[in-house]
Amino acid sequence: MEFLTVKDLSFRYPGSAEALSGFSFSAGRGEILLLCGEAGSGKSTLLRLLKRELRPKGTLSGSILFDGRPIEALSDREAASSVGYVMQNPEYQIVTDKVWHELAFGLENLGLPLDVIRRRVAETACYFGLEELFERPVSSLSGGQKQLLSLASVAVMRPSLLLLDEPTAQLDPISAAAFIEAVVRLSRELSITVLMAEHRTEEALPHADRLLALSAGRQLAFGETRRTLTEIGGCRGLIGELPAAVRLYARLGGTPPCPITPREGGLFLRERYDNRIRSLPEPPPPPDTGEALSLRDVFFRYGREQPDVLRGLTLQVREGEIFCLLGGNGSGKSTALSVAAGLLRPYAGQVRIFGRKLFPARAEPCRRGSVAMLPQDVTALFSAETVREELKERGETSLFFDREELLDRHPYDLSGGEQQLLALAKVLASEPRLLLLDEPTKGLDASARERLLSLLRRLRDNGVTVVAVTHDVEFAAEAADRCALLFRGELLSVGTPRRFFSENGYYTTAVCRMTRGYYDLAATVDDAEALCRANGRIGR
Amino acid sequence: MRAFSDCHPAAVAVCLLCAALPPMVSMNPVLLLTALTGGLLLLLVRRGATGAFLLSSAGLFLLLAMINPIFSHKGETVLLVINDRPITAEAILYGFAASASVLSALFLFRSFTQIMTSDRLLCLTGMLSPKTALLLSSALRFVPLFSAQAGRVRAARRGMGLARPDSPAARFRENTAVLSTMVTWSLENGIVTADSMAARGYGVGKRTQAGLFRFRRADGAVILLSLLLTLPTLVGMMSGQLAYSYYPALSGIPLSLPAAAAYLSFGLLSLMPAALELRGIVKWNFLQSRI
């Protein structure tokens, strides 16, 4: 008996073509169903159709059975409490100002007696480990804690179905893993059925019981995870969203079963491919160019009484390279970037941009168009009604924005990737020679990442130096000429991505984990594929 | 019995309101002096006043008292004449009474705002109207969020290569752009918040309001006592037994039996918050010495 059954579901927004057509899938009680598809493939619309309160206006055909009953037959109170919905953005889905009050919010809406509210809030806080934060204001929480609070404040209503719309897109990898773990625990321990849409599936896919693949509003495949993976292996748009092991498997054209975790990927390599050649030839070191950015013994803190965020940071970025600065939460990455952009003034140390001092004594930081920074939240740059006006604000229409069809849209109606493209176009209008990026891959789907990657390479080939601060090790491995690890405001190691990631044991890419001890210096799926092909199959 | 500031917000509010009301209405010097002492003691016991605050209140006290005789020339006892205008002892005393009235209210409200953290205020509004309480709570969340985002927008614009505005016109243009960004931002993210509220059943029925504070017997006792102790003062003020006039000459301080009862009960009421607070502190020190 399935808990949620969707049959022949189609949906059309008023006055437009079909947004979704022909969806039929089901999920058992306590199962995790992962929705996988590019931005704009209809994942959010599908999830919203299953949540009555958030259902978009339009015509719906087909049936949705919730525990054997049509979902329309649920009472308002039942619909609100038994179907939980968590959205992407940790900041804005929180309604109240204190952690305890946010937990109580849903129960208050149901008009439950105070004693019941107190008990449920208390037990939920215990289950999610929120006791320490109980009386804290929400604004003092980290992004990961906020998202966990959003999950808890839905779970407090005792739902039997959880709908999660890219819940980890805005989180760093550690918080994302903790969030997925909490979701898995809810499904395994409390038999809550989970439907989760995700772009990055490295963490979530190993836990998924079933997989639903979407593309352009259509259902591509549905079924048990491994079987479905082999079905969609050839689909280009989707493959980028899948874990490294699956991508490698698809590239090499293996025979089932398909590996999912790094461990399985490692076994897959060892069983099928030789390792006579252990590493790829290293590209020659780039010619020695000048320094684009140099920080020497830079110290910074946000207030006199506060601890140092940057503790003697020393770092050199060469002209014309893509440099990725990695590190955990609170390591000072974003602060370092703001210092380089001239937005924050260090209290000791020297910052030079193309050899010139950035902070001359007792004067405004001099930048004069040589540096530009793309903020983490790109919507902070949007102030106009249309994309066209947005671009006009910075002079002529930018060369870097080539999407004519988007010019008359509102900036907020663009997808995450398109918004970022627009913001980059605005930032690039001042023709900076040094471009600073703060978490450029946050919330992007695979094809948007791919586009960003090629744009950055194009910029580099035109002589622009790029410094990106990121949590995203896979992106850094693919994009960077050099990577560096920042820890507690200090730079610990610098190197080419291959060396950098194969020397790291924990803070590293999935491919490095797979190939450890078998191949050397393989950081990306491309590296691993090249090595496998060079070595050939065992026994052939 | 806990300290005064640990009582239920309703008890704190009723007690402080009862203590603050008479000195705002009556100009009886005994009531005013009592209220001023009570307010000051509560502040001192709670360590709620810095030296600077006390000093500036003393300054304010004198300033307010001095202003009255400059403008008011009523009264019989002329002390000196400036520019043909008499400065009278009655006007000076009236000035002091008015300052006492203002300062006692100031002291009590300072303690009130220090005790009433946002959680307590929310509990109090929730008792009156759950809807207003939610509004207050989301406002308390939204305001810091808004100002933080505005800061980020300014930084992002400067990071984009726009120079810091240096002329008033440039500053105006810059602020307009920031405001426009913030308006769109608020509207867009307001939709997310509204969705999140609807998803959790906002509007399906009558709301309850949860709070961290339990109403205990002692809280009821504080409220009851506060109301009872206000009664004689209230009766005295209504019946005119506590009336006191400064002009043209000072009337004698009323000392009838009802007036004396009012002085006594109001004295107890004014001292109650400070006494309860002190009791809590003393008890805690005592307990700690035995742990």
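This is a predicted model: local features need pLDDT of at least 70, side-chain atom pairs count only at pLDDT 80 or more; totals for chains, interfaces and linings use all residues.
Staying in chain A, have a look at helix 11 (residues 333-340). It's mostly covered, with seven of its eight residues buried. The buried ones are A:Lys333, A:Thr335, A:Ala336, A:Leu337, A:Ser338, A:Val339 and A:Ala340. Just past the end of helix 11, A:Gly342 has a positive phi of about 80°.

Now for two single residues, one from each chain. Here they are side by side:

| Residue | Helix | Relative accessible area |
|---|---|---|
| A:Ser187 | helix 6 (residues 173-190) of chain A | 2% |
| B:Val222 | helix 8 (residues 217-239) of chain B | 5% |

Why does A:Ser187 count as buried? Because its relative accessibility is 2%, and the cut-off for buried is under 20%. Its side chain reaches back to the backbone oxygen of A:Val184, at 3.1 Å. Setting aside neighbours within four places in sequence, A:Ser187 also touches A:Gly30, A:Ile32, A:Ile192 and A:Val194.

B:Val222 is buried too, with a relative accessible area of 5%. What separates B:Val222 and B:Ala10 in sequence and in space? They are 212 residues apart along the chain, and 9.7 Å apart in space, C-alpha to C-alpha.

Finally, the two chains meet. How many residues of chain B are in contact with chain A? The count is 49 residues of chain B, against 61 residues of chain A. The size of an interface is often given as the accessible area lost when the parts come together. For this pair, chain B and chain A bury about 4,700 Å² between them, and 55% of it is on carbon and sulfur atoms. Within chain B, the residues that lose the most area to chain A are B:Arg141, B:Met160 and B:Arg200, together giving 19% of what that side buries.

Notes. Residues are numbered from 1 along each chain as its sequence is written. Chains are lettered from A and ligands numbered from 1 in the order in which they are written. Side-chain values use heavy atoms; hydrogens and water are left out. Helices (H or I, at least four residues) and strands (E, at least two) are DSSP runs, numbered from the N terminus. Buried means under 20% relative accessible area, exposed over 50%, partly exposed in between (1.4 Å probe, protein chains only). A polar contact is a pair of N or O atoms within 3.5 Å; within protein, one must be able to donate a hydrogen and the other to accept it, and residues adjacent in sequence count only if both atoms are side-chain atoms. Contact means heavy atoms within 4.5 Å. Buried area is the accessible area (1.4 Å probe) that two parts lose on being put together, summed over both.
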